[in-house]
Amino acid sequence: HGIEVGSPPKAGAYQRRPIGPSEFRRFYDRGDLPIQILHSGTANRISWKVDIEKLDYHHYLPIFMDGIREKEDPYRFLSVEGTHNILDRGGSKILPVVPQLIIPIKTALNTRDSEVIATTLKVLQKLVLSGEMVGEALVPYYRQILPTFNLFRNSSKNIGDSIDYSQRKRLNLGELIDETLEIFEAHGGQDAFINIKYMIPTYESCVLGS
């Protein structure tokens with residue numbers, strides 16, 4: 001694989017791609033999602049019409065996740081905020097849905113849009129930390145989601161986001177990718193490192209003794 005690693009990305013590899021309307025937008029426009037916007041003095045908030053724990057996760061989580069590639073509000077705000085709400089409250093319901101989340105995640109990453117990629121990385125971090133075994137369940141899908149990580153890993157583009165969930169210092173895109181990979185490795189079980197390394201040969205383990 002040495003030749004592939006050394007070859008530069010194809011021309012246009014970093015260019016943003018057109019972002020098609022999401023399933024989330026379609027469902028929201030039809031009034032088929034149990035959410036609405038609460039307009040308050042300083043910032044809009046999401047209001048749930050049902051108890052989040054009682055949602056059908058197989059149905060709703062992939063739809064919300066599909067919306068994280070949206071650039072336009074209210075779709076962007078509601079889908080990102082809603083996804084974080086669902087992951088915060090999902091517990092054991094999240095693991096069985098992981099296979100259904102791969103296409104929305106891959107689609108968001110493949111927009112090649114730095115803001116959308118940053119949003120998706122934060123969602124991926126929350127996903128991995130949302131429940132036991134979720135990080136391990138993602139390992140078989142690294143080949144689908146890590147190529148974009150590899151492409152943008154050296155990006156120093158600042159991604160100070162208006163929705164900053166981490167409340168940490170503003171990371172640039174490359175740092176956020178590395179932080180996400182470290183969370184993947186730490187929570188992905190014994191096969192995580194070798195599978196990350198296969199896709200991203202320059203990755204160094206963050207776990208002692210690897």
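# Questions on a predicted chain

Modeller: F24, Y28, W48, F64 and Y75 form one aromatic cluster. Rings of Phe, Tyr and Trp (its six-membered ring) pair if their centres lie within 6.5 Å; planes under 30 degrees apart count as stacked, over 60 as edge-to-face and the rest as tilted. This is a predicted model, in which local features need pLDDT of at least 70 and side-chain atom pairs count only at pLDDT 80 or more, while totals for chains, interfaces and linings use all residues. Residues are numbered from 1 along each chain as its sequence is written, and side-chain values use heavy atoms, with hydrogens and water left out.

Biologist: How many aromatic pairs does the count come to, and are F24 and Y28 stacked or edge-to-face?

Modeller: By the pairing rule the count comes to 7 aromatic pairs. The ring centres of F24 and Y28 are 6.1 Å apart and the planes are at 5°, so this pair is stacked.

Biologist: In which helix do F24 and Y28 both lie?

Modeller: Helices (H or I, at least four residues) and strands (E, at least two) are DSSP runs, numbered from the N terminus. F24 and Y28 are 4 residues apart, about one turn of the helix. Both lie in residues 23-29, helix α2.

Biologist: Is Y28 buried or partly exposed?

Modeller: Buried means under 20% relative accessible area, exposed over 50%, and partly exposed in between (1.4 Å probe, protein chains only). F24, at 0%, is buried. Y28 has a relative accessible area of 22%, so it counts as partly exposed.

Biologist: Which residues is I35 in contact with, leaving aside neighbours within four places in sequence?

Modeller: I35 is found in strand β1 (residues 35-39) and is buried, at 4%. Contact means heavy atoms within 4.5 Å. With those neighbours left aside, I35 is in contact with F24, Y28, I46, S47, W48, K49, F64 and L78.

Biologist: Which backbone oxygen does the side chain of T120 reach?

Modeller: T120 lies in helix α6 (residues 114-128) and is buried, with a relative accessible area of 0%. Beyond its neighbours within four places in sequence, T120 is in contact with I68, I105, A108 and L109. At 2.7 Å, the T120 side chain reaches the backbone oxygen of V116.

Biologist: Which peptide bond is cis?

Modeller: Most residues other than glycine have a negative phi, and most peptide bonds are trans. P74 has its place in the loop between α3 (57-66) and α4 (75-90). With omega near 10°, the cis bond is the one from D73 to P74.

Biologist: What is the phi of M133?

Modeller: M133 lies in the loop between α6 and α7 (134-138) and counts as partly exposed, at 45% relative accessibility. R112, in the loop between α5 (98-109) and α6, also is not a glycine and has a positive phi, near 60°. For M133, phi is positive, at about 75°.

Biologist: What is the mean pLDDT of the chain?

Modeller: pLDDT is the predictor's confidence in each residue, from 0 to 100. In the chain, 84% of residues reach 70 or more. Over residues 1-6 the pLDDT is below 50, and it stays under 50 over residues 162-168. Where pLDDT is low, the predicted coordinates should not be read in detail; the mean for the chain is 87.

Key
A polar contact is a pair of N or O atoms within 3.5 Å; within protein, one must be able to donate a hydrogen and the other to accept it, and residues adjacent in sequence count only if both atoms are side-chain atoms.
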